[in-house]
Amino acid sequence: MRNVAVLGAGKMGQAIVSGLLRAGWSGESVVATARSAERAAELRESYGIRVEPNIEAVRHADVVVVAVKPQDAGALLEELAGVFDGGAPVVSICAGLPVAFFEKRLPDETPVIRAMPNTPALVDEAMTVLSPGTHASAAHLAAVEELFKPLGRTLVVDEKHQDAVTAISGSGPAYFYYLAEAMTEAGVLMGLPRAIAKELVTQTSLGAARMLRESGQSPVDLREAVESPAGTTISAVRQLENHRARSAVTDAIEAARDRAREIAEEYA
Ligand SMILES: NC(=O)C1=CN([C@@H]2O[C@H](COP(=O)(O)OP(=O)(O)OC[C@H]3O[C@@H](n4cnc5c(N)ncnc54)[C@H](O)[C@@H]3O)[C@@H](O)[C@H]2O)C=CC1
Ligand SMILES: O=C(O)[C@@H]1CCC=N1
């Protein structure tokens, strides 16, 4: 693939663009679209990429990434009707919207791939999960996977899992930031300077994430190794259990999954 078009380069689209450029794509090969002239200028200046109207952007694209909000996807596809011939694979990162939403609105046999990345793409640590649509061949899927690989890790799952994926890894960074915020505030409450509390939380998050990745141990084993008998950690964990934190996490993630399902129904 030589040319990629990112339609609707907002927060996630911009993260993808920045990752592609770090991976060696030239500014000439990446075209983005934006709704305002200010945003277009900002993208051109920051990344040296081309910013064009949607109908121009798709013309020479070898892959088209739809990165608008789900509620804007229908209007965007209407704009492309009669212009986009369906020759290039279309990758949707829209939460909730099924492959069928795109297949219904794009030319017959357009290869569509549903993808769920996350914002750590900005530091090449994204989790991107891909699901091929009806007309996406193994070659299309492999090419799109190659596109996302430099941004972090990739996985392929059946589309039926995408709402759960969205709830876990798509939204997931926000849950960690929420915990990081709460831990930092707790440090400040106990008298730590905010900058020190933040550094403690940040390094502890990184260390814990690397242990999960590199130790081969389960989260339970890793937690038990920190919990000394009658020690400090078990006292904290008892409070988390008392406050039903595990149940809150499960309910929160189910709510994200349910919202993805609602989005599909709202915009079908
Ligand atoms: N923010 C996140 O962490 C993640 C977001 N997503 C998905 O990515 C998509 C975008 O989300 P964000 O980047 O957070 O939203 P955003 O609002 O920052 O970006 C969307 C951009 O699309 C632009 N846009 C809308 N209609 C347009 C059109 N017709 N032509 C050109 N530009 C248009 C908007 O002006 C905006 O800049 C959503 O569908 C979301 O579900 C997926 C994974 C993670
Ligand atoms: O909150 C959202 O709807 C998007 C999808 C996953 C992350 N952000």
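The model is predicted, with local features requiring pLDDT of at least 70 and side-chain atom pairs counted only at pLDDT 80 or more, while totals for chains, interfaces and linings use all residues. Residues are numbered from 1 along each chain as its sequence is written, and chains are lettered from A and ligands numbered from 1 in the order in which they are written.

We may start with the sheet. Helices (H or I, at least four residues) and strands (E, at least two) are DSSP runs numbered from the N terminus, and two strands pair if DSSP finds at least two bridges between them. The 8 strands of an open sheet follow the order β3-β2-β1-β4-β5-β6-β7-β8, and their pairing is mixed. Because β3 (50-51) and β8 (152-156) stand at the edges with a single partner strand each, one side of each has no neighbour in the sheet. Strand β1 (residues 4-7) runs parallel to β4 (residues 63-66), joined to it by 4 bridges; Leu7 has Val66 as its bridge partner in β4. Across β1, β2 (30-33) and β4 lies helix α1 (residues 11-22), which runs at about 170° to β2. Such angles run from 0 to 180 degrees between N-to-C directions, with axes fitted as lines to C-alpha atoms, for helices over the stretch in contact.

Turning to a loop, Gly82 is found between α4 (70-80) and β5 (90-92). Gly82 counts as exposed because it has 9 C-beta neighbours inside 10 Å (exposed: 12 or fewer other C-beta atoms within 10 Å; buried: 20 or more; partly exposed: in between; C-beta atoms placed from the backbone).

Finally, the chain divides into domain 1 (4-158) and domain 2 (172-264), with bounds from an automatic or database domain assignment. Taken over C-alpha atoms, their centres are 32 Å apart. Contact (C-beta atoms, placed from the backbone, within 7 Å) links 8 residues of domain 1 with 6 residues of domain 2. The side of domain 1 that touches domain 2 has 5 nonpolar, 3 polar and no charged residues.

Notes. Contact = placed C-beta atoms within 7 Å. Nonpolar A, V, L, I, M, F, W, Y, C, P; charged D, E, K, R; others polar.
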